[in-house]
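Let's take a friendly walk through one protein model. Have the sequence and the 3D view ready as you read.

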Amino acid sequence: MYAIVEIAGQQFKVAKDQKVYVHRLQEDEGKKVSFHNVLLLEDGKNITIGAPAIDGAAVEAKVVKHLKGDKVIVFKKKRRKGFRKKNGHRQYLTELVIESIVAKGAKKTVAKAEPKKEAPVKAAPVKVAAPKTEAPKAKVEKAKEAPKVKVDLSKKTVAELKEMAKAKGISGISSMKKADLIEALNK
């Protein structure tokens, strides 16, 4: 019996009691791991192909140890140019021993995610509306006479200025430059 399973982004053909070297996994040495992304399963006479994975199938393995692979030398050279670069690399690996291949009834275990610690959000001050009463006419007149706060239009982008001009109903804004837009909005 063998299976083709995806482990750490790569596909492996595995059988029971086989040793497999995969990219480094987060699990500790000695822990058992199960992989549920089984793509193909063969049990002697029947071959089951998943679309893309087989539901209920799993491959259970034990993490034997974490290690580093053989050193690979990467040497680059361009002839007659004096360019030479030497670089080395050792891949971090995990050694697994396949303990069993489950064809049906495997339950997916969901890792418990730790709750994310979010930065405290400062609440904006809440304005409570006072009960509506009739305002004296003097206050209403002062509110009408209060000068409007001018926004520095030179810091706005042309697109923002065009949007503001559209909202005011100014025509011919497509051919205007930034200075022309600012002048039209200040009128």
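This is a predicted model. Together β5 and β6 form a hairpin, with four residues between them. Look for Gly44 in that turn: its phi is positive, at about 100 degrees.

On another side of the story, β5 also pairs with strand β1 (residues 2-7), again in the antiparallel sense, this time over four bridges. Leu41 is a handy landmark here, as it stands opposite Ala3 and also opposite Thr48 in β6.

Is strand β5 (residues 38-42) largely enclosed or open? Five of its five residues are buried, so β5 is largely enclosed by the rest of the structure.

Arg90 is partly exposed, because its relative accessible area is 40%, a value between the 20% limit for buried and the 50% limit for exposed.

Which residues does Arg90 touch, leaving aside those up to four places away in sequence? They are Lys68, Gly69, Asp70 and Lys71. Take Gly69: Arg90 and Gly69 are 21 residues apart in sequence, yet their C-alpha atoms are 5.4 Å apart in space. A polar atom of the Arg90 side chain also lies 2.9 Å from the backbone oxygen of Gly69.

Notes
Residues numbered from 1 in each chain as written. Predicted model: local features only at pLDDT ≥ 70, side-chain atom pairs only at ≥ 80, totals over all residues. Heavy atoms only, no water. Buried < 20%, exposed > 50% of the residue type's maximum accessible area, 1.4 Å probe, protein only. Helix = DSSP H or I, 4+ residues; strand = E, 2+ residues; numbered from the N terminus. Pairing = 2+ DSSP bridges. Contact = heavy atoms within 4.5 Å. Polar contact = N/O pair within 3.5 Å; in protein donor to acceptor, adjacent residues only side chain to side chain.
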